[in-house]
Amino acid sequence: MSPPEIQSTMSPPPPAGCPLSHCCLWNELCSPLNPRVDPGREYASMPTGADDSPARSVLVGITATSGGLRSLRLHRFRVAGSGRVIGRSGVALETLGDDYYRATTRTSHIRAASAVGSSDGRHLWLYFFSREADFSDPKVAKVAPPVPLQLQMDLGAANDDKGITVSRLPDLPIGPLMPTCPISAAGDLWAPYLTGVHGTSSFVMQRFDKYAEKWVKVKTLALKLPPTGADMLSDTIPVLQGHVVIGDTILLSLWPFHLFYTFNCSTSTWAAVATSKNDGTSFAPIRERGVYVEEDDTIYFLCGATIFAYKLCKDQDQYQMAPPTRLGCVCPFSHEGYGFLAYLGGRVMCSVWIGVKLLCNCDAKHVLITTFRVKGDGSEHFVPKGVKVLHSTCRRLDMAPSKSLKSYLEFSFLQEYKEFNHENATPPAKTRRGDVMESSMLLEDMEVPASFNVVKSSNMPGCCRDVLNEVSLLCTAMLEKSAIRTNKTLYIICQVASHSTVYTINILDGRLTCHDKTLTPHCILETSMWYIEDVILNQLIERSWHFFCDSKSIYAAPSVENKVYSCCLDQGYIDSIDSTRPVGVQFHLVVLVGITVVAISGSLQDVYHLSQGKWICHTTSGPPDLDKEVRLSGYVVLSSSTFMVSDADENRCFLHDIVNDKWNIVKPLKPSGSPVSACLSERCVFAKGFIYTCSDWGLAAFELVEQGGSYYLGELVDLRFSWLNYWERNRMCLEYVGEDTSSGAIMFCVAGDDQIHQPGYPINEKPVRITTVQVKTEEMPDGKLKPKSICHVDIGTTFVQGIGGALWTRDCFAAADIHA
């Protein structure tokens, strides 16, 4: 199976002055979990044959001022059952019409709508409040109580007849400045409001009596809100932030953000939600309207452009709620726009973010639409861990030709509804080859999405072409069937400041068994590294502990101490070995060469062998200046008696023979070409005549050539990953998994922590990205296997327990090879 070709966009790329044209803004997010999109690029992860017929419509409510008039305008887009947003990138949202409601003032504000559908699915009623104020006269400001409105849609109406009418409900019996919002719950329309916004106040719940056609006061709760702020900054924050409906219960979110109250519509009772006031800054507000997914028993909401999740628990009639889990971001913007979430059913959600304040020279507002599923940890009680993007696309918000788009816009509400009559719905866009994934894997089993309509490098901004060396930002990541039949256990070492932990996963025929799982420690080693954050952020090469592995154990050798720790591969038992080193010697590298443990200090002149608990110094021979200080960037074991290191400062590589205690300089095979520049990163792998090392974009390979007792490195073979994860090579670890003798394919596993580039996970759990890759080779006349291309066999995300602070994937070792 070959990946689909990268195709040029069907829509023109955004102008250079548009923020969406600058991929640099996406650097902290861009990955298969948070793909970059713009009017010329979209991103999808759906298998071939997925249902692309319209299943849900999503209504977008916009309030805009134009020509002195403030009116409500409705737009719509459709989503297929697979999660695909119907239509192509860059097209405008369908306009249902404008002027459905004209406000009496230019500064009216429509609170998020709440919906009720008819039993036959033909009609939909939307309820919203329009808060209107007139500040045209600075001496006399006129503020009226919110105007309750009802919008009715005939979903079975023909396309030329939108079937939309707006009518006014009876006035709300509340004061003009009292915060309120409409809520549909338990078959009724409710309107909670606060009598005051500072100090002593009351929470009053009203219900609309549809038979008597009036608002009825149901229950009042006395509460105390914070006093007026000293700096008056907090006074501008709305007290009533939003709500979410959970069955017959309404959860209301207030300011300060740790304040939550519930109202049970069946029993008409108020209750406060217990939260930690001391941890108040960790809470996020549910703005306007959140989404409750019963299958997950979880509340989801969008704050800025970030997706959060709350769990509302009840213990002995007391509601409790911990700070939310941050699941991910939908775009790199926040205050430049506004967004809402909608639940489409089938555990598929949709986020819509509109750049109403985004400054650019485009002739339309940008609408970023992302459909996704929330990933759990696989436990009996669902715990959200992150999001899996199904489709992410950029659409356009156009207004009627007679209306100016440069007026004040407000994204008022988002409402999904089920298609009533598919025969009258917009037909799905024709599927072209390359638009979908040609893969036999089911969507639920798929970890890596495919992208389509990818912008060519020639259409990228100059800043990005320079950084990416003319390579497209987001290539298609396809999973290929493994040619290698093997079963291995991978041991991953994760370092934090106080210790390192060994975790295990299984690799079966190239497939990982760790998808979305929280790993259990195999063993914990007391290898403290207090300066770990400096090592990661500043890419320091100094190591206080060094790890190596034999057929039975993983060992941790210190740089300055005498005790060596070991962890049994089979049972995880911890042991320690006393060793004696020369006084004042600090090891910069400890490596297992054959059956000999070898260490290097600050220079290459002295090499130490561990023998019967003592470090024996071996004075070496070779090129001049061996006593010069070296700064090691990586190493590779070549045989049972030789290994090679690279010096980052001198951009040179050295090969050492431990039997003859001799160093050789490894020169470039073609001196006229580019110099060999610190080519090795961390622990590398030697396979079939080539050295494989991690690079910032995947793997790199060099041929090792011996001629007349001298050693040379061939030209770099660039093996870039198609999965763009912004790898940093000093935070990646590489291991050989196996090879197929008939095809010549070689499999490797690469693991890397993702703490900096993928924020948003709980502080006590850290994500680790793992991929198995298969390198296709061709045989050379001397029997070596030259790498030609690389593809992914599997990609997974796993989680490890953390105690806060930095996490570093130090190394990984594969063992227990059982051929099928």
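**A guided reading of the predicted model**

The side chain of Arg289 is in polar contact with the side chain of Gln415, at 3.0 Å. Leaving out residues up to four places away in sequence, Arg289 touches Ala113, His243, Leu341, Leu414, Gln415 and Glu416. Between the C-alpha atoms of Arg289 and Ile183 there are 9.0 Å in space, although 106 residues separate the two in sequence. Arg289 has a relative accessible area of 17%, and because the limit for a buried residue is under 20%, Arg289 counts as buried.

Arg289 is placed in strand S20, which covers residues 288-289. Glu288 lies in strand S20 as well. Glu288 is not a glycine, yet it has a positive phi of about 60°. With a relative accessible area of 11%, Glu288 is buried.

A positive phi is also found at Asp297, where the angle is about 50° although this residue is not a glycine. Asp297 is located in the loop between strand S21 (291-293) and strand S22 (298-303). Its relative accessible area of 40% makes Asp297 partly exposed. Another backbone feature concerns Pro256: the peptide bond from Trp255 to Pro256 is cis, with omega near 0°. Pro256 belongs to the loop between strand S17 (249-254) and strand S18 (260-264).

Asp209 provides a further example of a side chain that reaches the backbone. Asp209 is found in strand S14, residues 199-209, and its side chain reaches the backbone nitrogen of Tyr211 at 3.0 Å. Apart from neighbours within four places in sequence, Asp209 is in contact with Lys214 and Val216. Leu189 is 20 residues from Asp209 along the chain, and the C-alpha atoms of the two are separated by 8.3 Å. The relative accessible area of Asp209 is 18%, and Asp209 is buried.

The discussion now turns to the disulfide. The structure holds 1 disulfide. It is formed by Cys523 and Cys567, whose sulfur atoms are 2.2 Å apart. Cys523 lies in strand S36 (residues 521-525) and Cys567 in strand S39 (residues 563-568), so the pair ties together parts that are 44 residues apart in sequence. The torsion about the S-S bond of Cys523 and Cys567 is about -120°, and the disulfide is therefore left-handed. Both partners are buried: Cys523 has a relative accessible area of 5%, and Cys567 has a relative accessibility of 1%. Two other cysteines are also buried, namely Cys181 with a relative accessible area of 2% and Cys329 at 13%.

Cys523 can also be approached from Thr501. Thr501 lies in strand S34, residues 500-508, and is buried at 5% relative accessibility. Not counting residues up to four places away in sequence, Thr501 touches Ile492, Ile493, Cys494, Pro521, Cys523 and Ile524.

S38 and S39 pair in the antiparallel sense over 4 bridges, and a hairpin of 4 residues joins S38 to S39. Within this pairing, Ser553 stands opposite Cys568 in S39. S38 is also joined to strand S37 (residues 545-549) by 5 bridges, and these two strands run antiparallel. Here the hairpin from S37 to S38 passes through 3 residues, and the bridge partner of Trp545 in S38 is Pro558.

How many of the 6 residues of strand S38 are buried? The count is 6 of the 6 residues in S38 (residues 553-558), so the strand is largely enclosed by the rest of the structure. In a regular strand the side chains alternate between the two faces of the sheet. In S38, Ser553, Tyr555 and Ala557 are on one side, while Ile554, Ala556 and Pro558 are on the other. These residues are all buried, and both faces of S38 are covered.

Notes: Residues are numbered from 1 along each chain as its sequence is written. This is a predicted model: local features need pLDDT of at least 70, side-chain atom pairs count only at pLDDT 80 or more; totals for chains, interfaces and linings use all residues. Side-chain values use heavy atoms; hydrogens and water are left out. A disulfide is a pair of cysteine sulfur atoms within 2.5 Å. Buried means under 20% relative accessible area, exposed over 50%, partly exposed in between (1.4 Å probe, protein chains only). Two strands pair if DSSP finds at least two bridges between them. Contact means heavy atoms within 4.5 Å. A polar contact is a pair of N or O atoms within 3.5 Å; within protein, one must be able to donate a hydrogen and the other to accept it, and residues adjacent in sequence count only if both atoms are side-chain atoms.
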